[in-house]
Amino acid sequence: MKVWVDHDVCTGDGLCEETAPAVFQLEDGVSYVRDGRGALLMGGGMADVPDHEIDGVLDAAEQCPGECIFIEG
Ligand code: SF4
């Protein structure tokens with residue numbers, strides 16, 4: 001499974017970081033995602049989600065008020 005955030009509509013409320021802190025991190029008021037090795041994708045882009053983080057990422061996407069967490073695969 002892969003995940004990315006649309007920074008143009010991210011509200012920066014941080015719910016995703018609270019829900020799945022190993023995957024999402026707020027920087028400069030928007031949420032960035034970590035790739036499978038833990039590196040923050042500051043240039044944007046799509047991250048591989050480790051199997052043990054899938055439930056948290058799905059919960060974050062469901063709760064996201066900006067509806068800007070996108071999942072593929
Ligand atoms: S929950 Fe959604 S709107 Fe809120 S910071 Fe995370 S990606 Fe942005």
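Which polar side chain lies 2.8 Å from the backbone nitrogen of R37? The close-ups below, taken from a predicted model, start with that one.

**View 1. D35 and its contact with R37.** The side chain in question belongs to D35, and one of its polar atoms lies 2.8 Å from the backbone nitrogen of R37. You will find D35 in the loop between β3 and β4 (47–48). D35 counts as buried because its relative accessibility is 17%, and buried means under 20%.

**View 2. The hairpin of β2 and β3.** Here strand β2 (residues 24–27) meets strand β3 (residues 30–33) in an antiparallel pairing over 4 bridges. To find your way across the pair, look for Q25, whose bridge partner in β3 is Y32. The hairpin leaves 2 residues between the strands, and in this turn D28 has a positive phi of about 55 degrees.

**View 3. Strand β1 and its two partners.** Side chains in a regular strand alternate between the two faces of the sheet. In β1 (residues 2–5), V3 and V5 make up the covered face, while K2 and W4 make up the uncovered one. Strand β1 pairs with β4 in the antiparallel sense over 2 bridges, with A47 of β4 as the bridge partner of V3. Strand β5 (residues 69–72) also runs antiparallel to β1, joined to it by 4 bridges; there, I69 is the bridge partner of V5.

View 4. The ligand sits in the largest cavity. Around the ligand are 15 residues, of which C10, T11, D13, C16 and C64 come nearest. Sorted by class, this shell holds 9 nonpolar, 5 polar and 1 charged residues.

Key: Residues numbered from 1 in each chain as written. Predicted model: local features only at pLDDT ≥ 70, side-chain atom pairs only at ≥ 80, totals over all residues. Heavy atoms only, no water. Pairing = 2+ DSSP bridges. Near = heavy atom within 4 Å. 1 Å grid on protein atoms, 1.4 Å probe; cavity = no way out; pocket = protein on both sides within 12 Å on 5 of 7 lines; lining within 4 Å. Sits in = over half its atoms within 2 Å of the grid points. Nonpolar A, V, L, I, M, F, W, Y, C, P; charged D, E, K, R; others polar. Buried < 20%, exposed > 50% of the residue type's maximum accessible area, 1.4 Å probe, protein only. Polar contact = N/O pair within 3.5 Å; in protein donor to acceptor, adjacent residues only side chain to side chain.
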